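Hello,

Here is the structure for your files. My notes on it follow below.

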Amino acid sequence: MTDENLSPEHWAFRLTHILNAACVDDRFPVDVKAVAKEISKQLYPNDPVSLVKGRSLPGFDGALYKAPLGKKGWGIFFNSDVSSPGRINFTLAHEFGHYLLHRLNHPNGIECEKEGIARWESEYGQIEHQANVFAANLLMPLDDFRRNIGGQDRPCLDDLGECANRYEVSLIAAALRWVEYTGRRACLVLSRDDFVLWARSSKRAFRTGLYIKTAGLPPVPVPLSALACRQHELVGGRGSTQHPPGVWFSEECEELVLYSDQYDFTISLLHFSNVAEGFEPGEEVEEDVSDRYAKLLNR
Ligand SMILES: [Zn+2]
């Protein structure tokens, strides 16, 4: 298989292998700036990433630009108005993903809008998704993540926050990564003004009917009894509560909430019991991939 045909996961795995061998200590967070320059120079000496820096990019979080005429290589840029180190680091990895995966088909470069993916179906949305998958896999390798939060562990938002710090990504990026591999039944819901922006369920939760579909639908309201709707009960933007059946779903669940006034959204992490009630073996529903790394991943 040629480099051009490698999947985002395969590229990230290849680089993770190199980094594991090269860094004994100080493996995380991944120094994307150094990795992008060094790896691209080794693999494509005539077409490397020669510049990584912040600049004013109104309306964009990041961009990959071809070097000006007469110079070789590519530049990776992040929006210098963004102050969150986690968001910048994810953007750098996302742009490096574009370089590895998409530069041949986009010889003039790619500009990445704030709030990420517009539509999964469109070619534009698809390459954004691929760059996000690459970034998540590069910055948060699952073997390391699992050593910090085991497949059957029941993390609180602080546990996920510690992982976010370890990998220098946003809390949402870390929580989405955990939801991908956990063997528990859990659901992550992002809401604003009492409406669901998107939701992502673990595989086990999804298979037992615990998911919220949002793509292509009218706005889905957050349940009135949910803690996400009762912000006056939060202390320092945080809170947790145990819900009886019938609040979020037909099962009881624990809801852990964090409200971010910086971004004006609320994260609800829903933990369900690991005993699946009413589980129908073989019941597989087409996953709502458009929700997967939806708009606000890179917060
Ligand atoms: Zn992009």
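Glu38 and Lys41 form a salt bridge, with their closest N and O atoms 3.9 Å apart. A salt bridge here is a side-chain nitrogen of Lys or Arg within 4 Å of a carboxyl oxygen of Asp or Glu. The two residues are three apart in helix α2 (residues 32–43), so about one helical turn separates them. Helices (H or I, at least four residues) and strands (E, at least two) are DSSP runs, numbered from the N terminus. Glu38 is partly exposed, at a relative accessible area of 38%; buried means under 20%, exposed over 50%, and partly exposed in between (1.4 Å probe, protein chains only).

This is a predicted model, in which local features need pLDDT of at least 70 and side-chain atom pairs count only at pLDDT 80 or more, while totals for chains, interfaces and linings use all residues. Residues are numbered from 1 along each chain as its sequence is written, and side-chain values use heavy atoms, with hydrogens and water left out.

The whole structure has eleven salt bridges. Among them is Glu254 with Arg154, at 2.9 Å from N to O. Glu254 sits in strand β9 (residues 253–260) and Arg154 in the loop between α5 (142–148) and α6 (157–167), so this pair ties together parts 100 residues apart in sequence. Arg154 is partly exposed, at 38% relative accessibility.

Another is Arg238 with Asp158, whose closest N and O atoms are 2.8 Å apart. Because Arg238 lies in strand β8 and Asp158 in helix α6, the pair ties together parts that are 80 residues apart in sequence.

His94, in helix α3 (residues 85–102), and Cys112, in strand β4 (residues 109–113), are 18 residues apart. His94 is buried at 6% relative accessibility, and Cys112 is buried at 3%.

On confidence, the mean pLDDT (the predictor's confidence in each residue, from 0 to 100) is 88, and 87% of residues reach 70 or more. It stays under 50 over residues 280–299, for which the model has 56 contacts beyond four places in sequence; contact means heavy atoms within 4.5 Å.

Regards
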